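Please read it with the model open.

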Amino acid sequence: MPLLYYWTRENYVRNMDSRDWFHLNQGSPLLREVTEGESLWAFTRNSRGAFVLVAELVITAKGLNSPAWTERYGPFRVWGSMTESAYFDAERGVEVESLLRTLSPKIQAARLGQSFQGHAAVRRLTVEDHLRLCAFARGLPLHPRVHPDGRRDVARALVDEELSVELALPEGRPALPGWLSEGPPPPTWTQSRVYARDGALAQRLQRLYEGRCQICGWDPSSVYHRQLCEAHHIQWLSRGGWDRFDNLILLCPNHHRAVHSLDATLDFADLTWRFGGRREPIQLNAHLERAA
Ligand SMILES: [Zn+2]
Ligand SMILES: [Zn+2]
């Protein structure tokens with residue numbers, strides 16, 4: 001079941017500023033009805049007040065949020081493919097209201113936004129209407145910040161950025177930006193954006209799990225006498241995640257690489273990772289709460 005979502009302008013601007021991309025959190029249980037490979041379309045108002053299409057998320061996974069995220073953003077979450085999803089340029093977009101008003105069932109409200117409030121911010125689309133939106137979106141300019149090279153495929157850049165930022169910030173350093181003034185950036189430092197990260201949290205995680213990977217339980221210190229596991233941000237910092245203990249998980253380098261490379265998602269309903277179709281439950285857990 002494809003879906004249509006009304007992104008209030010305020011949230012749209014805030015989410016785009018914080019690069020909160022390729023996922024959507026919502027209170028509407030309709031997010032559970034969309035299936036993998038289907039689209040969630042989003043529209044908003046641009047600065048001239050025109051309704052415009054701003055995103056097509058091609059869904060790769062859905063699940064429940066952690067309790068902390070549920071409180072703030074709603075319990076339901078969908079993830080969009082970073083190679084197939086598209087964000088359109090709201091300012092250069094073409095007005096879409098006249099098309100939206102022909103969708104079935106018909107929108108009755110005089111002002112479009114009125115019929116998309118609260119849980120009604122998400123509604124079902126017929127396959128036919130989805131195809132009409134596809135045709136409409138074909139010529140729309142892509143958002144220059146999300147798709148700087150004009151292509152839909154931004155996966156590589158985001159995956160590398162997030163991982164290199166996590167690995168490039170050594171544990172125990174003070175939070176940025178103070179650290180930046182200490183010397184030249186590490187060689188992987190090619191990003192335009194800097195994320196503050198508290199090394200003490202990673203140390204706490206290492207102590208709690210005695211350095212073991214929370215997915216496979218591997219204990220590198222028993223073999224190499226080194227802490228080789230890495231703290232990973234479950235909701236990536238580069239996609240709006242928090243640098244908080246309840247957003248961190250300790251992973252061995254293999255699992256860490258796999259999580260980034262496959263853009264794996266953690267469903268808090270059962271604390272199980274989705275690597276595409278493959279599922280791996282967390283084996284060691286003493287700090288993450290399941291969704292209620
Ligand atoms: Zn592992
Ligand atoms: Zn990571």
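Does R19 count as buried or exposed, going by its relative accessibility?

1. R19 counts as buried, because its relative accessibility is 11% and the cut-off for buried is under 20%. The model is predicted, so this value is computed from predicted coordinates.

2. The backbone at R19 deserves a look. Its phi is near 55°, a positive value in a residue that is not glycine. R19 sits in the loop between α1 (9–17) and β2 (23–26). Most residues other than glycine have a negative phi.

3. H225 also has a positive phi, near 60°. This residue lies in the loop between α7 and β8 (230–233). H225 is exposed, with a relative accessible area of 63%.

4. The peptide bond from S104 to P105 is cis, with omega near -5°. P105 belongs to the loop between α3 (97–100) and β7 (122–124). Most peptide bonds are trans.

5. For four tetrahedral donors the ideal angle is 109.5 degrees.

6. C216, in the loop between α6 (199–208) and α7 (220–224), and H255, in helix α8 (residues 253–261), are 39 residues apart, and the pair links distant parts of the chain. C216 is partly exposed at 41% relative accessibility, whereas H255 is buried at 13%.

Methods
Residues are numbered from 1 along each chain as its sequence is written. Chains are lettered from A and ligands numbered from 1 in the order in which they are written. This is a predicted model: local features need pLDDT of at least 70, side-chain atom pairs count only at pLDDT 80 or more; totals for chains, interfaces and linings use all residues. Side-chain values use heavy atoms; hydrogens and water are left out. Helices (H or I, at least four residues) and strands (E, at least two) are DSSP runs, numbered from the N terminus. Buried means under 20% relative accessible area, exposed over 50%, partly exposed in between (1.4 Å probe, protein chains only).
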